[in-house]
Each structure stands twice: as structure tokens, then as C-alpha cells.
Amino acid sequence: MVDVTEKEMDNPTFRSDTVLSDVHLHCPNKRHLMVRLNAVGQPVFLSYFKLLWNTEDSASEKHVREATTEEHQYRSGDELCDKDRNNLKRERELNSEGVEALLDDDGDLEVVRRPRSASDLEAEDLLRDKVYPVILMKGKEDAFEDEEQECTCSDVVKIEHTMATPLEDVGKQVWRAAFLLADYILFKRDTFRCCSVLELGGGTGITSIIMGTVAKRVYCTDVGEDLLAMCEQNVALNKHLMELGRGEVKVKELDWLKDEFCTDPEAPYSWSEEEIADLQDQCTVIMAADVFYDDDLTDALFRTLYRITHNLRNSCTIYLALEKRLNFTLRHMDVTCEAYSHFRNTLNDLENLQDRKRKYTVEPIKLDFCQFLVYERTEQL
């Protein structure tokens with residue numbers, strides 16, 4: 001590694017407030033290429049996420065988990081290279097003979113490690129891509145030069161992200177609820193076609209990018225120049241996907257703790273008066289994924305939702321995706337989900353709000369729709 005990396009690695013990698021990416025812990029077969037260090041020294045990875053378009057035809061007939069495993073379940077052993085076949089054959093022979101116990105020249109016992117079963121080896125070769133934990137010695141402008149020939153088709157999404165961050169930077173990771181919302185968008189493409197959409201807390205931008213493949217315009221919003229720059233980079237990496245549907249994704253700052261849009265022309269990712277007017281006149285969909293983990297931020301988000309919807313010309317549908325995270329608390333001496341409980345209470349307050357201009361109704365969505373991205377769709381989603 002380069003010197004700057006070694007200096008960064010001298011500091012503790014994980015602190016007490018470090019949050020690890022659950023998506024990448026459960027997706028070991030996805031390719032992760034470390035491409036650079038961001039402004040605060042965190043390693044930035046590039047991951048490829050494949051869209052399983054072939055599951056669409058069977059969505060009404062098969063369970064969602066069957067759709068994601070089918071691709072791996074029926075892959076043929078003929079895809080193994082000659083070297084892999086020889087390894088499998090050799091391990092089958094060793095398995096049939098059993099584990100050998102031998103004595104070396106000094107009389108010490110040597111036990112040959114029992115080889116893994118052929119099925120284990122075959123599964124690993126088929127399901128895991130190689131991981132390259134290397135920081136490329138390239139500038140930002142040509143960091144992806146070697147990747148231009150790969151995965152520019154319409155079934156792969158490329159996302160820059162981190163895998164571990166302090167709590168205040170969790171937007172730089174990819175979370176399961178973002179995949180869940182992306183699945184729903186792909187499943188209900190006709191519902192969102194040609195819409196004008198606002199995403200709150202867009203993070204790496206993956207949900208806005210997926211929405212951009214069908215919607216007319218998407219305003220992907222968050223706070224923090226470093227995060228917004230990463231999001232803008234991801235939009236640029238996937239522009240070929242949005243060009244197919246003539247969609248557009250604009251990365252903008254939207255701070256839930258402020259009552260107004262940032263319109264300072266000197267500030268990066270600020271809003272123009274025309275963009276604000278376009279949002280208020282055309283927006284019919286608002287979405288947010290995995291942003292309910294802090295009670296104060298949840299309150300701020302609902303205040304922002306109320307303020308924005310109050311100024312919209314048209315009725316609007318808000319899609320909220322989240323994962324209930326269970327934690328043991330000393331206060332309750334039990335496993336609880338306080339962030340989710342606070343979210344539900346606040347959502348109920350919004351639904352019961354007596355407002356002459358706006359009425360809010362809440363409706364859950366069943367999770368039996370097709371899964372287009374490979375991730376673990378847990379019961380807590």
C-alpha cells in the first residue's frame with residue numbers, strides 16, 4: 001500500500017461508534033474493488049450489483065426467495081474450468097479414501113487435513129467472485145478507466161460506497177432497505193414511469209438511480225459535500241442506465257434541520273428557483289430508505305415531509321422503506337426496537353393530523369413482490 005494508506009491505517013480502524021455495512025457482509029459474492037480514499041481517509045469501494053431481470057416472468061408464480069436462488073441452484077458444473085474439475089476429482093478421491101494419519105521422519109504424527117467436500121468447493125467457485133482489496137494509484141478522473149469495457153450493460157448497477165463508517169456517515173454505505181425500495185420500483189415500473197420524484201436521505205444514490213431508469217426526473221437529496229460528491233459520482237457511473245429511459249437524476253442538498261432549500265449559488269448542490277418551482281409543480285412521489293435510526297432525525301424528517309407536501313400542487317405518494325433493528329437496552333433490560341417504535345408513533349401522528357389542506361393516509365405494502373437485486377430480504381424489512 002502507499003504511504004498515505006499506511007499512515008491512515010495506524011489509526012484504529014473501528015471505534016465504538018463504527019457501523020458496518022450489513023449488505024456487504026451478506027453479499028460475499030459481489031465484486032468489491034477499493035478505488036480510493038475519500039476526504040476523511042475512509043476506503044471507498046466500487047461494487048457491481050446485478051439486476052435479475054429473468055425473475056420478472058415468474059414473479060406471480062414463485063416465492064421471492066426462489067427467484068433469487070434459482071440462478072445459482074441450476075447452474076451446471078460444465079461452467080467449471082479444467083483446473084477446477086481436476087481439483088474436484090482429486091478431492092472426491094481423497095474423500096473416498098478418508099483422512100490419512102502419517103508419521104514424519106522424526107516420528108511426529110501428521111494428520112492430513114480433511115478436504116472440503118466437492119459440493120462445497122463447487123459452490124464457492126460458482127458463487128464467489130474474486131475480491132481485490134487494492135487501492136488503485138490513479139487520479140479521480142481516470143480511476144475507472146480500466147472498468148469502461150466492463151459491465152456497461154443494462155443489468156448492472158455500479159456503486160461507490162464505504163463498508164464501515166462512524167454513525168454520522170452511514171449514508172456512505174448501502175443498506176438493505178434501499179434495495180427493498182429499488183425492488184419495488186422495478187416491480188412497479190409503470191407506476192413510476194414519467195414521474196417527478198424526490199428522494200430524502202439518498203445516500204449513495206442507488207435508489208434514485210434505479211428510479212431514474214423509469215421516472216422523468218429524480219431529485220436525490222442529502223447533506224454533506226463529501227457524501228453528495230460520492231452520490232453524484234454514482235449517478236455518472238450509471239448514466240447509461242438512465243439514458244435508456246430518458247430519465248434524469250439531480251443531486252441536491254436538503255437539510256431536514258433547516259426550513260428552507262439552499263439557494264446560495266456559491267454553495268455546491270444548491271437549488272435554483274426554477275428547480276424548486278419544478279419540484280412543487282410536478283412532484284408526485286417522495287421516497288426515503290433506511291433513514292429512521294435516530295429519533296431527532298426522524299422528527300426532522302417528518303417536519304420536512306409536512307413542509308414539502310404542504311407546498312405541492314399535486315397529491316403525492318410517499319414510499320418509506322426501513323429495517324427494524326433490534327438492540328438490547330439496559331433501560332429496558334430487553335431486546336427492543338426503539339427507533340422503529342418512534343417512527344411508528346410519529347407516522348401515526350401524521351396520519352391523525354387535522355389539517356384542512358392535506359390529509360395523510362398510511363398503507364403498508366406486502367413484501368411478496370419480486371426480488372431483482374441480490375441481498376438478504378429479512379423479516380425485519
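Reader: Let me start with a residue I clicked on. Which helix does L228 lie in?

Author: L228 is in helix α9, which covers residues 225–237. Keep in mind as we go that this is a predicted model.

Reader: Okay. Is L228 buried or exposed?

Author: L228 is buried: its relative accessible area is 2%, and the cut-off for buried is under 20%.

Reader: What is L228 in contact with, leaving aside its neighbours within four places in sequence?

Author: The contacts of L228 are then D222, V251, K252, E253 and Y269. As for G205, it is 23 residues from L228 in sequence, and their C-alpha atoms are 8.9 Å apart in space.

Reader: Y269 then. Where is Y269 found?

Author: Y269 sits in the loop between β10 (248–253) and α11 (273–282). Its phi is positive, about 65 degrees, although Y269 is not a glycine.

Reader: And is Y269 buried or exposed?

Author: Y269 counts as buried because its relative accessible area is 15%, with the cut-off at under 20%.

Reader: Which loop holds D290?

Author: D290 lies in the loop between β11 and α12. D290 is not a glycine either, but has a positive phi of about 55 degrees. With a relative accessibility of 10%, D290 counts as buried.

Reader: Now the strands. Which way do the residues of β8 point?

Author: From β8 (residues 196–199), S196 and L198 point one way, while V197 and E199 point the other way. All of these residues are buried.

Reader: What is the sense of the pairing between β8 and β9?

Author: Parallel, over four bridges, with β9 taking in residues 217–222. One of the bridge partners is C220 in β9, which goes with E199.

Reader: How many bridges join β8 to β11?

Author: Four, and β8 and β11 (residues 283–289) run parallel. S196 has C283 as its bridge partner in β11, and L198 stands opposite I286.

Reader: Why is β11 called largely enclosed by the rest of the structure?

Author: Six of the seven residues of β11 are buried, so the strand is largely enclosed by the rest of the structure.

Reader: How many bridges are there between β11 and β12?

Author: Five, and the two strands pair in the parallel sense. A288 of that pairing stands opposite L320 in β12. With α12, these two strands make a right-handed β-α-β unit.

Reader: Switching topic: what's the volume of the largest pocket?

Author: About 1,100 Å³. The largest pocket is lined by 33 residues, and those nearest its centre are I318, L320, V362, E363 and P364. The elements giving two or more residues to the lining are α6 (176–187), α12 (295–310), β12 (317–321) and α13 (338–351).

Reader: How do the lining residues of the largest pocket divide into nonpolar, polar and charged?

Author: There are 22 nonpolar, five polar and six charged residues in that lining.

Reader: Last one. Where does E351 lie?

Author: E351 lies in helix α13. It counts as partly exposed, at 30% relative accessibility. Leaving aside its neighbours within four places in sequence, E351 is in contact with Y360, T361 and V362.

Reader: What separates the C-alpha atoms of E351 and T361?

Author: They are separated by 5.5 Å, and the two residues are ten apart along the chain. V362, another contact of E351, is among the residues nearest the centre of the largest pocket.

Conventions: Residues numbered from 1 in each chain as written. Predicted model: local features only at pLDDT ≥ 70, side-chain atom pairs only at ≥ 80, totals over all residues. Heavy atoms only, no water. 1 Å grid on protein atoms, 1.4 Å probe; cavity = no way out; pocket = protein on both sides within 12 Å on 5 of 7 lines; lining within 4 Å. Points joined across faces, edges and corners; volume = space filled by probe spheres on them. Nonpolar A, V, L, I, M, F, W, Y, C, P; charged D, E, K, R; others polar. Buried < 20%, exposed > 50% of the residue type's maximum accessible area, 1.4 Å probe, protein only. Pairing = 2+ DSSP bridges. Contact = heavy atoms within 4.5 Å. Right-handed = clockwise from strand over helix to strand, strands pointing away.
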